[in-house]
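Here are a few notes to read next to the model. They cover a pocket and a helix pair.

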Amino acid sequence: MSHPKKNLMAQTIEMIEPIDELPGISDIAVNSTVASGKAVFLLSIFEFFKDHPYGYFAFLFFLTIWTVLALPVTPMEVCAGFVFGPVWGTVGSLAAKTLGCLGALTIGRLLGRTRGWKVPEALDKYLTALRTRPLRAMCVIRVAPLPLGVKNYGLSLVPFPNDKYPVTKYFWSCFLVGLPFSIVWGLTGHGASSLIEIISKYA
């Protein structure tokens, strides 16, 4: 006879208790309501991805939307490496991130004009290079310490001659810069001992 399903928060705290020594884990479990809620959400969503027969595809969709919303992708990539392994975790993270960046580009291009959005000041110094050597400039911006929203939506607002946006170069900048990061985070997740460890460190 199966046991009744426990409350998800109770399950999370039970999972956390045996590894209290992990940095910051007590803050997630007890001291911080916000951190606990975030931990429960990430744990539950990745447990779903791991257990559901179509969980991998759900992860791809989830990370794509997550990227469109310009939310931090590193915790997602590390968790993916743990759940799906270093190969499929990396492939899925890279594919979803790239699709999310393209989605943000589309939204920015469609809404930017109608809403009067302007190129962020953080990108002003790159404007000349973007028009003369777009791929190189976009790659430089991708590795710059700027928020993901500035990189995606900011780049979508850059005006180009004859209104011909270099979408192909935008795609390659996302792919080429995202690849090494996805590999590193996928391997990091694969080497972790648990999702709790990952969330306590990266989320």
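1. Start with the pocket lining: H5, helix H7 (134–143), helix H8 (148–156) and helix H9 (167–190) each put in at least two residues of the largest pocket's lining. Helices here are DSSP runs (H or I, at least four residues), numbered from the N terminus. H5 gives the largest share of that lining, six residues.

2. Before going on, a word on the source: this is a predicted model, where local features need pLDDT of at least 70 and side-chain atom pairs count only at pLDDT 80 or more, while totals for chains, interfaces and linings use all residues. Residues are numbered from 1 along each chain as its sequence is written, and side-chain values use heavy atoms, with hydrogens and water left out.

3. The largest pocket holds about 430 Å³ of space. Its lining has 22 residues, and Val73, Lys97, Arg142, Leu148 and Lys151 are the closest to its centre. A pocket is an open set of points on a 1 Å grid where a 1.4 Å probe fits, with protein on both sides within 12 Å along at least five of seven lines; lining residues have an atom within 4 Å of a point.

4. Now the helix pair: H5 (residues 74–115) packs against H10 (residues 195–202) at about 165°, with the axes 10 Å apart. That makes the two roughly antiparallel (angles over 145 degrees). In contact (heavy atoms within 4.5 Å) are Thr74, Pro75, Val78, Cys79, Phe82 and Val83 of H5 with Leu195, Ile198, Ile199 and Tyr202 of H10.

Methods. Axes fitted to C-alpha atoms, helices over the stretch in contact; angles between N-to-C directions. Parallel < 35°, antiparallel > 145°, perpendicular 65-115°, else oblique. Points joined across faces, edges and corners; volume = space filled by probe spheres on them.
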